[in-house]
Each structure stands twice: as structure tokens, then as C-alpha cells.
Amino acid sequence: MITPDNGTKTTEPAGAHQAAEAFRAADAAQSASLETDRPHPARIYDYWLGGKDNFPPDRAAAEHAISISPDIPQAARENRAFLRRAVRHCVEAGIRQFVDIGSGLPAQGNVHEVAQEIAPESRVVYIDNDPIVLAHGRALLADNRSTTVLTGDLRDVDELLDRPELRELIDLSQPVAMLMVAVLHFVNDEQAAAAVRAVHKRLAPGSYLLVSHSTAEGNPQRAAEAAKTWDKTASGIRLRGRAAVEEYFEGWELLEPGVDFVPLWRPDGPTHDSTRWMYAAVGRKV
């Protein structure tokens, strides 16, 4: 950990100057990697949820989607509600380890808040490829020794699961809940399939896979134009159908109600005015 100078005069040890320069160079490199001149999925989503950790390109992309379909921010909120319901199910089923890939920026009802409210011993690792998520997440979790945030990429699940920082909290010989919520649509077909196969291979029996995924099937007339929201991001977006999402759960026991629109997955309130922009599903490894 880097601590600030408190004004006390000390003798700088040999090599300390070089180390300080290295830290400053690393900070500069991280700042350059933020790419605040182009929209990022995590920050677009943050805007829809009413967050403040976004920049003009993120807001412009988010507003484009809203201009096509004003219910898209509602869909983002419904996706967060699905995450909370699915995490509660896993905790109640005895899961105490959670890995959230593509976690996005901190928002109300994070995985660790839901899980640790029910079972304080729950351990959570958040992973996202936006460096801003790392900075904000670590600041938020500075006093939480059961939760951490890592920068990483969905396209290399094996590398992520082998990280020493992850393995400090997550025991892969025991069941884990793996969240891939609103993230698989940012990689191509082969990469998405490879990611879920790697999860199935590496996780212990009794583990859970939680997925939500954007689709055109609920809004076929508006979907193509809404998808342009992601054109200037590094990833773009792939809108997939119910059958494609079902394929991610090959080898998993798919929980009822199977693959359904996000607000219809085990709702805890009325759904008559809900959106149809995303599918959701949860599976258990047997």
C-alpha cells in the first residue's frame, strides 16, 4: 500500500527514489488507459442507474439508447434487481463465495452487500476491465477484508481464476457462484462459449452460474438502432436469443423458470410494466 507523506523528515533509503518514480509512471499509465474520450460499457450502465462516475462520451451513448427506447434505464434497474434476487437464492442455498465478472461500477445492492447481509462470512471478488471500477471499488471496500476488486477480462477466465489475489478469498475446491451479468454480450460467440465452458470446468459441483444477456427478441423493431449505443465502445454488443443463452447452461442444471426475461425470473413484485430487453437464467453444477 502507498501511504502519503505526513511531513516527517526521513532519510530516503537506496532505491526509494526509483521506486517512487515507478509508482508515478504506473499511475500515469493507468490514467492514460481510462480512455475517457470514448464510451465504456460500465460507465454507460452507471449513467442509466443514476451514477456520477461517467464522462461526456458515456452520457452521449447512454442518451442515444434512451432516445430510441426510454425504458432502457428501467431495464438496467431490473437487471440489478435480478442480480440481487439470484444472489439471495445462492446464499440461501449455502453459497459463501462469489465471483462477479464484468461487475461494473459500484451501485446500490452490490453482490457483497446482498450476500454479507444474510451471511457476513461471504467472500466476494469483483472483476472488470475498466480501471475506474478498480479505483472506485477499492476505495469503497477499503475496510472490507472479505471483498476485493480486480482488473481483468472475461476472455481469459482461467487466468482470472488463477490470480493469487482471487485465490486468497476464493477456494475453488468449494462451491462458488459465478456472475456473468450483462457481460457476455460484449464478446463474440466463440469467446462467450469459451468463457462459460471454462467456468464449468473449473468450478466445483454445487456451484452456480448467473447470467443475464441483452436480446433483440423482446423489441425487434427498436433493437438494431438501440444497439448502436455501443458502436463507439471497444467491444460493441451482440444481441442473442433465448436459444443461445440456453446453450451457455449445457452441463448445468437450469433452475426454474429457465431462461426468461430479466424481470420475470422469480419476481418479487408486479411485472406488468416491466421491460423485455434482457434474458436471465441461473444454473447449478451437478
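The questions and answers below concern a predicted model.

Q: What percentage of the 286 residues of the chain count as buried?
A: The chain of this predicted model has 11 helices and eight strands. Residues 24 or more positions apart account for 71% of the contacts with a separation of 6 or more. Of the 286 residues, the share that counts as buried is 48%.

Q: Which exposed residues does α3 carry on the face turned away from its buried side?
A: An α-helix has 3.6 residues a turn, so residues three or four places apart point the same way. In α3, the buried side is formed by Asp58, Ala61, Ala62 and Ala65, and what covers these residues includes α2 (41-48) and α4 (72-92). The face turned away from that side carries the exposed residues Pro56 and Ser67.

Q: Is Thr229 buried or exposed?
A: Thr229 is found in the loop between α10 (223-227) and α11 (242-247). Leaving out residues up to four places away in sequence, Thr229 touches Ile44, Trp48, Ala61, Ala62, His64 and Ala65; of these, Ala61, Ala62 and Ala65 are among the buried residues of α3. The relative accessible area of Thr229 is 3%, and since the cut-off for burial is under 20%, Thr229 is buried.

Q: Which residue supplies the backbone oxygen that the side chain of Thr229 reaches at 2.7 Å?
A: Thr229 lies in the loop between α10 and α11. At 3% relative accessible area, this threonine is buried. Its side chain reaches, at 2.7 Å, the backbone oxygen of Ala226.

Q: How many of the 21 residues of α4 are buried?
A: At 1.5 Å a residue, α4 should span 30 Å, and its end C-alpha atoms are 30 Å apart, which agrees. Just after this helix, Gly94 takes a positive phi of about 105 degrees. Helix α4 is largely enclosed by the rest of the structure, because the number of its 21 residues that are buried is 15.

Q: Which side chain is joined to that of Thr275 by a polar contact of 2.5 Å?
A: Thr275 has its place in the loop between β7 (260-261) and β8 (278-285), and is buried with a relative accessible area of 4%. Not counting residues up to four places away in sequence, Thr275 touches Asp71, Gln74, Ala75, Glu78, Phe261 and Pro263. The polar contact of 2.5 Å joins its side chain to that of Glu78.

Q: Which element gives the largest share of the lining of the largest cavity?
A: The structure holds one cavity of 30 Å³ or more, and the largest cavity has a volume of about 110 Å³. Its lining has 16 residues, of which Ser103, Gly104, Pro106, Asn110 and Tyr126 lie nearest the centre. The elements that give two or more residues to this lining are α4, α5 (111-118) and α6 (131-140). The largest share, three residues, comes from α6.

Q: How far apart in space are Val196 and Val211, C-alpha to C-alpha?
A: Val196 has its place in helix α9 (residues 189-202) and counts as buried at 5% relative accessibility. Aside from neighbours within four places in sequence, Val196 is in contact with Met180, Leu184, Leu209 and Tyr248. Val196 and Val211 are 15 residues apart in sequence, and their C-alpha separation in space is 9.9 Å.

Q: What is the phi of Ala182?
A: Most residues other than glycine have a negative phi, and most peptide bonds are trans. Ala182 lies in the loop between β4 (177-181) and α9 and is buried, with a relative accessible area of 13%. Although Ala182 is not a glycine, its phi is positive, at about 55 degrees.

Q: Which residue is joined to Glu256 by a cis peptide bond?
A: The omega of this bond is about 10 degrees.

How values were computed:
Residues numbered from 1 in each chain as written. Predicted model: local features only at pLDDT ≥ 70, side-chain atom pairs only at ≥ 80, totals over all residues. Heavy atoms only, no water. Helix = DSSP H or I, 4+ residues; strand = E, 2+ residues; numbered from the N terminus. Buried < 20%, exposed > 50% of the residue type's maximum accessible area, 1.4 Å probe, protein only. Polar contact = N/O pair within 3.5 Å; in protein donor to acceptor, adjacent residues only side chain to side chain. Contact = heavy atoms within 4.5 Å. 1 Å grid on protein atoms, 1.4 Å probe; cavity = no way out; pocket = protein on both sides within 12 Å on 5 of 7 lines; lining within 4 Å. Points joined across faces, edges and corners; volume = space filled by probe spheres on them. Expected span 1.5 Å × (residues − 1).
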